[in-house]
Structures are given as structure tokens and as C-alpha cells.
Amino acid sequence: MSDFRLKIFYAVAKNLSFTKAAEELYISQPAVTKNIKELESEYDLTLFLRKGNKIELTDAGKILLIHSEKIMNIYKQIRYDFDLLKENFSGTFQLGASTTLGQYLLPALMSQFHSKHPKIKMSLITANTEEIEKYLIEKKIELGMVEGKPKNKQLKYLPFLKDEIVAIAHTSQEISKKEILTLDELQKVPLVLRELGSGSLDIIRDAFQAVNIQLKDLNIAMHLGSTEGIKSYLTHTNSIGFISIAAVAKDIKKGEFQIIDIEGINIKRWFYFVYKQGVPEGNSDVFIKFATSHYNPSL
């Protein structure tokens, strides 16, 4: 079995699609089909079952996937160890990030990373924390960056950067004239929060529970799936939103939003690198070290 055929099998098995495997490997779909048939002929076993427009792995295919994944990881480690000797990193790297990180912190960092390591082809998927953790477990990405508290025992969390979630209102709205609110006052104000599954919502829930307030006790007008959605909503309504300071700092400087202090509430959190249990390998390790040194120059 050639390395190239194994690579094709792995791409098809990972995507469960001949078309996606062809796109990923920059070859034609007939070439993918031909190599899979030759592989099946070599082992005299069927590796995929065709069901209409979908395919699934046979028992033999599942066994080969387990072994091919180990082999691909060994190839990656060999490349990384050699690149480490030459300080010349290359290859591909799939990063997943929660929306706050993906939208406000990572674009500049990724640009600087690409300037230093132009041979590493990097891609970014953004989703909420729960989905990023799921993608890691399903091995759709190699490294995640998330907000919220560590909770999945299949994953390892490495603190990266401190953040603060603040209460804000748009300066065109009456509520923005309040510099501070008591908890009793806050419970009467319409709030807009992130969606279920968001790391930000988990942190906010914990902060209120610490002062014996449940989310159901608050006047939640809306749950929205993005920070930009919350900011846009606040421009049209006399409400308060809770979002990362990283997402609103520029808007505050422009005078568009006002931070409102909430008596007894101080919502601090960490952004985390997250990966499968063990140690980060290959380009994941390169990116972690680069990002950590960028935000912590002393390291």
C-alpha cells in the first residue's frame, strides 16, 4: 500500500465524501475512486459502503482508519521534528475558535503568524465553545481556542489570556446614562445575552449564581448567536448586553457604547487553548508557543 493511497483513503474516511477528499487533495474525483478501488483490491476487502449519495465505513474501513490515523500522526511528527531542526515549519493546520476570539483577537494574530511561518497553510473555523469542543473530539480540527470554564474530560485546557465580560448599553439609549446599577435594578432592565452553548453565557450564569441570582430571575429579552448581533440589537433598544471587553473596546473609545458597572458583579474569565488529552503536537505546538509569546513577551 503506497503512502499516497493511504492519504487518499484517510481523506475519504475523514470526510465520508469522495468529492471533499478530491478537493482537499487537489486531485480529480475519478483519481480518488480509482485509488480506493485499488486499495480494496489489494486487501480483498470492501472499505466503504455506498448508500445513494452517501458513503459509510465498513468494519474493514474502520480498522484501516484507526491505523491510518496513527500513521498520519507519525508523518506529521516526523515533519515537525525535522522542521524544528531547520526552523522551517510547513504543512497544514486547522484551528477552531469561539466567536469572540475568532472575530476580535485572532485575525491580527493569524496575520503575524503567517508572516513568520508562510509555509504553514492555516484555516480557521468559528463557532461557539460547545461546537469547537465537539469538532476537536470528532478530529475535524487540531486545536481550539475557547472561552468559558473547562468542562470536557476528553480535552485538555491551557490558559491563554485573561478577559472580562462587561455590561454595556448604546449611548443613544436612556439606560446608558446610568453609571452603576444595583442587582435589584438590573433585574428590571431588559437584557440581551449570548445563546445556549456559548462559553460567555456559562461564565455569566456562574457570576450571577455566585450572588444567588438565576438566569430565570433576570429580564432576558433575547438570546443572540453573536457579539455583533448583540451590539446591533442594543443600538435600537433601551437594553443592556453582556459581552467581552475585547469586542467593544474600540466602540467605547468612539463613544458608541457605555460600560455600566453592576454592583457586586465582576465577571473575569480566561481564554483557553484546548486540544485532545496529551500534549499539543506539530503546528498546534508552534501556534501555541507563538501566540503565548505574542501576548506574554516575557515567555
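## The main nonpolar core

The largest nonpolar core has 24 residues, and those with the most contacts inside it are Leu181, Leu186, Phe208, Ile240, Phe242, Ile262 and Ile267. A nonpolar core is a set of buried Ala, Val, Leu, Ile, Met, Phe, Trp, Tyr and Cys residues joined through side-chain atoms within 4.5 Å. Buried means under 20% relative accessible area, exposed over 50%, and partly exposed in between (1.4 Å probe, protein chains only). Two or more residues of this core come from each of β6 (155-170), α7 (183-186), β8 (191-194), α8 (199-209) and β10 (240-244). Of these, α8 gives the most, with five residues. Helices (H or I, at least four residues) and strands (E, at least two) are DSSP runs, numbered from the N terminus.

Phenylalanine 242 is in contact with Ile165, Val166, Ala167, Leu186, Leu191, Val192, Leu193, Ile204, Phe208, Ile230, Ile262 and Ile267, leaving aside its neighbours within four places in sequence. Contact here means heavy atoms within 4.5 Å. A second, separate core of 23 residues includes Phe89, Ala97, Met110 and Phe273. In soluble globular proteins, nonpolar side chains tend to be buried together.

## Basis of the model

This is a predicted model, in which local features need pLDDT of at least 70 and side-chain atom pairs count only at pLDDT 80 or more, while totals for chains, interfaces and linings use all residues. Residues are numbered from 1 along each chain as its sequence is written, and side-chain values use heavy atoms, with hydrogens and water left out.

## A buried asparagine

Asparagine 35 is found in helix α3 (residues 29-43) and is buried, with a relative accessible area of 12%. Its side chain reaches the backbone oxygen of alanine 31 at 2.8 Å. Leaving aside neighbours within four places in sequence, asparagine 35 is in contact with Phe4, Arg5 and Ile8.

## Exposed residues

Phenylalanine 82 belongs to helix α4 (residues 59-86) and is exposed, at 52% relative accessible area.

Two loop residues other than glycine have a positive phi. Tyrosine 26, in the loop between α2 (18-25) and α3, has a phi near 60 degrees and counts as exposed at 72% relative accessibility. Aspartate 44, in the loop between α3 and β1 (48-51), has a phi of about 55 degrees and is exposed, with a relative accessible area of 68%.

Technical notes:
A polar contact is a pair of N or O atoms within 3.5 Å; within protein, one must be able to donate a hydrogen and the other to accept it, and residues adjacent in sequence count only if both atoms are side-chain atoms.
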